[in-house]
2 protein chains.
Amino acid sequence: MTKDDTMTIREMCDSFDVTPRTLRFYEAKELLFPIREGNKRLFTKRDRARLKLILRGKRFGFTLEEIRELLDLYHMDDSQVTQLSKTYDLALRHLAEMEAQRAELDEAIGELKNQIDWGAKELARRKRNETAA
Amino acid sequence: MTKDDTMTIREMCDSFDVTPRTLRFYEAKELLFPIREGNKRLFTKRDRARLKLILRGKRFGFTLEEIRELLDLYHMDDSQVTQLSKTYDLALRHLAEMEAQRAELDEAIGELKNQIDWGAKELARRKRNETAA
DNA sequence: GCGTTACATTACGTTAACGTCATCTTTCCT
DNA sequence: AGGAAAGATGACGTTAACGTAATGTAACGC
């Protein structure tokens with residue numbers, strides 16, 4: 001990482017385990033805004049923060065478009081505050097969605113554990129029978 | 001639902017809020033196994049249980065292929081127990097993945113709440129300034 | 001000087017998960 | 001009988017999120 005706190009595309013790829021194509025794609029979709037030095041991209045701290053959120057959002061099953069809208073909340077400067085309340089509503093909806101997701105995840109984990117217990121017993125039973133035979 | 005506990009494709013669609021195309025697609029992918037009466041599909045209780053799990057899995061971001069493998073654990077009869085330990089391992093991996101997902105989800109919810117609080121304060125500040133002006 | 005990286009742009013290809021016709025039976029109603 | 005209604009099959013279309021190949025250029029090592 002250079003002294004001016006920017007990273008090349010390769011450094012970004014190594015840090016976040018993504019391909020160059022992905023970063024260029026995200027720029028085209030206006031999720032990232034690397035500055036240019038000549039024609040080379042330089043990714044700022046802001047880009048890195050955004051990318052972290054993008055990758056997290058993806059793991060939760062949000063689309064890039066949904067993520068793009070949410071990112072505005074995290075990186076809003078004074079000049080954009082006009083849109084704040086709209087974004088604020090969006091964030092609340094996402095929060096509700098995520099908490100519902102967590103509730104269902106808890107339930108699913110419980111059920112899966114039950115099945116695994118059943119599987120464990122089943123394995124034990126088979127072993128007994130083998131030994132007995 | 002008929003007396004023999006089966007449902008037509010339409011009843012399934014209404015119950016689970018999916019399209020006929022989706023159910024036929026899942027059958028083609030061997031996720032569901034409706035029986036046939038003439039050429040009409042009849043979905044059993046087992047199909048309904050599987051569909052519920054399929055839709056849940058999708059909400060958690062699993063692919064249909066991943067889900068298909070997991071379904072075997074939930075619907076294993078004695079004749080299939082040979083593959084049990086393989087499926088058991090798979091289930092354990094999925095469980096680990098889901099618990100990791102929950103941990104990250106908790107963190108993300110926390111951060112999002114912070115941002116929302118910031119947004120709420122920002123809105124309040126703007127309102128004060130408007131009133132003051 | 002010049003070859004090898006490192007990066008760029010352009011453009012066509014790919015996979016998953018269905019959507020959307022178009023065209024046929026089967027069945028039920030009047 | 002005859003015409004909707006429900007369901008089936010087959011095939012092509014669509015979107016998201018990149019992959020991949022072709023081609024071009026700028027800087028760096030020796």
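Guide: The model here is predicted.

Visitor: Which elements of chain B give two or more residues to the side that touches chain A?

Guide: Helix 3 (45-59), helix 4 (64-74) and helix 5 (84-132) of chain B do. Helix 5 of chain B gives the largest share, with 28 residues.

Visitor: What is that side of chain B made of, by class?

Guide: On the side of chain B that touches chain A there are 21 nonpolar, five polar and twelve charged residues.

Visitor: How many salt bridges are there between chain B and chain A?

Guide: For a salt bridge, look for a side-chain nitrogen of Lys or Arg within 4 Å of a carboxyl oxygen of Asp or Glu. Between chain B and chain A the count is ten. One of the salt bridges joins the side chains of Arg56(A) and Glu107(B), at 3.2 Å from N to O.

Visitor: What area is buried between the two chains?

Guide: About 3900 Å² is buried between chain B and chain A, and carbon and sulfur atoms give 68% of that area. The contact takes 38 residues from chain A and 38 residues from chain B.

Visitor: Why do the copies meet through the same surface?

Guide: Compare the interface residues of the two chains: 100% of those in chain B are also interface residues in chain A, so the copies use the same surface.

Visitor: What rotation superposes chain B on chain A?

Guide: Two copies of a chain are related by a rotation about an axis and a shift along it. Here a rotation of 180° with 0.0 Å of shift along the axis places chain B on chain A, with an RMSD of 0.0 Å. That is the relation of a two-fold axis. In chain B, the C-alpha nearest the axis belongs to Gly61(B), at 2.7 Å.

Visitor: How many of the residues of chain A count as buried?

Guide: A residue is buried when its relative accessible area is under 20%. In chain A, 38% of the 133 residues count as buried. Among contacts in chain A with a separation of 6 or more, 46% come from residues 24 or more positions apart.

Terms used:
Residues are numbered from 1 along each chain as its sequence is written. Chains are lettered from A and ligands numbered from 1 in the order in which they are written. This is a predicted model: local features need pLDDT of at least 70, side-chain atom pairs count only at pLDDT 80 or more; totals for chains, interfaces and linings use all residues. Side-chain values use heavy atoms; hydrogens and water are left out. Contact means heavy atoms within 4.5 Å. Buried area is the accessible area (1.4 Å probe) that two parts lose on being put together, summed over both. Helices (H or I, at least four residues) and strands (E, at least two) are DSSP runs, numbered from the N terminus. Ala, Val, Leu, Ile, Met, Phe, Trp, Tyr, Cys and Pro count as nonpolar, Asp, Glu, Lys and Arg as charged, and the others, Gly among them, as polar. Copies are superposed by least squares on the C-alpha atoms of residues with pLDDT of at least 70 in both. Buried means under 20% relative accessible area, exposed over 50%, partly exposed in between (1.4 Å probe, protein chains only).
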